[in-house]
Amino acid sequence: MITLQDIQAAKQSIADIACVTPMMQSEQLSRVCGNQVILKAEHLQKTGSFKIRGAANKVKQAAAEGAKYVTAASSGNHGQAVAYTANRLGIPATIVVPEDATLCKVNAIKAYNGKVETCGTTSAERIPRAREIALQEGGVYIPPYDDPFIIAGQGTIGLEILEQLGDVDVVVVPIGGGGLVSGILTAIKESSPRIQVIGVEPALANDTYLSRQRGQITSIPASSTIADGLRTSQPGDLTFPIVMKYIDDIVLVSEEEIRQAFCFVLERMKQMIEPSSATTVAAAMFGNLPFAGKRVVTVISGGNVDLEQAARMISGE
């Protein structure tokens, strides 16, 4: 498992690439939720998501060890982050994306000088291809979440929350493969154990929820949730033990709750966030958090939304 010291080292390593993101509040959202709700605005991060933190930490580590080429398998945000960091370091990058990847994310990868290759629709198809390219080119494959440098990079969000607020009762985090939540868990629980950390998954992509219930990594079929960044089939080998050790609870949200939270933040706060990010707001809005009157931080993981997808979310199609 990673340590608080690993996260502190990551914070120093990525300081020239990732930015410190702001906290945002809405009095109306807090009234609806029955808690003081504060959004950690990672949708305003470089490349539009938290992924730049872990990617920068890992790509820098690979470069320090002599890597001249990197690859990644990603539905979008991780790929953007790897391409951006590699471009900053002058290293070529190939990102293997699914055939149905969101266009705005693919275009962003290309804008960061990343080469894009499509392969299948599942991570089980993308990852072997990305590894194969890395082997062929003598490069390094950059995993999306199940890596200590990735986890430590994502954990820097936890350090920032503590520095920016200090007095916080609960941190609510979306869960995909678990890199984000396990990093934040380590930062928070090893700094201030009294703070609760609650994970959120879509009910249609509940692999970590089920795994925690059963006490072992459990796979689910491919998911169709609108929270496309959370469509993992199972938690990571490295992330899951951290979740089991530290998480206070995992809650599930419905597709309609995600959609309504997305629309609320867009309409009332004028912020375009991804459906994956809206899961944490949904958990706060629709009674999934078993308390009231607390100071709650919801982690907004990204804001890379395809405009056609946004239109469907707003119309309820």
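In the predicted model, Tyr84 has a relative accessibility of 16% and is therefore classed as buried, the cut-off being under 20%. Tyr84 and Tyr112 form an aromatic pair, with ring centres 5.3 Å apart and planes at 85°, an edge-to-face arrangement. One aromatic pair is present in the structure. Because Tyr84 belongs to helix H4 (residues 77-89) and Tyr112 to the loop between helix H5 (103-111) and E5, this contact ties together parts 28 residues apart in sequence.

Strand E5 (115-118) is an edge strand, as is strand E6 (140-141), each pairing on one side only. The open sheet comprises four strands in the order E5-E4-E3-E6, with parallel pairing. Four bridges join E5 to strand E4 (residues 93-97), and Val97 stands opposite Thr118 in E5.

The whole structure contains 14 salt bridges. Lys40, Glu42, Arg53 and Glu160 are linked in a network of such bridges. Lys40 lies in strand E2 (residues 36-41) and Glu160 in helix H7 (residues 148-164), so the pair ties together parts 120 residues apart in sequence. Glu160 also forms a salt bridge with Arg53, at 2.9 Å from N to O. Since Arg53 is located in helix H3 (residues 51-64) and Glu160 in helix H7, parts 107 residues apart in sequence are tied together. Lys40 and Glu160 are buried, and Arg53 is buried as well.

A further salt bridge joins Glu132 and Arg129 (2.9 Å, N to O). These residues are three apart in helix H6 (residues 123-137) and are therefore separated by about one helical turn. Glu132 is partly exposed, at 39% relative accessible area; Arg129 is partly exposed at 22%.

Conventions: Residues numbered from 1 in each chain as written. Predicted model: local features only at pLDDT ≥ 70, side-chain atom pairs only at ≥ 80, totals over all residues. Heavy atoms only, no water. Pairing = 2+ DSSP bridges. Helix = DSSP H or I, 4+ residues; strand = E, 2+ residues; numbered from the N terminus. Phe/Tyr/Trp six-rings, centres within 6.5 Å; stacked < 30°, edge-to-face > 60°. Buried < 20%, exposed > 50% of the residue type's maximum accessible area, 1.4 Å probe, protein only. Salt bridge = Lys/Arg side-chain N within 4 Å of Asp/Glu carboxyl O.
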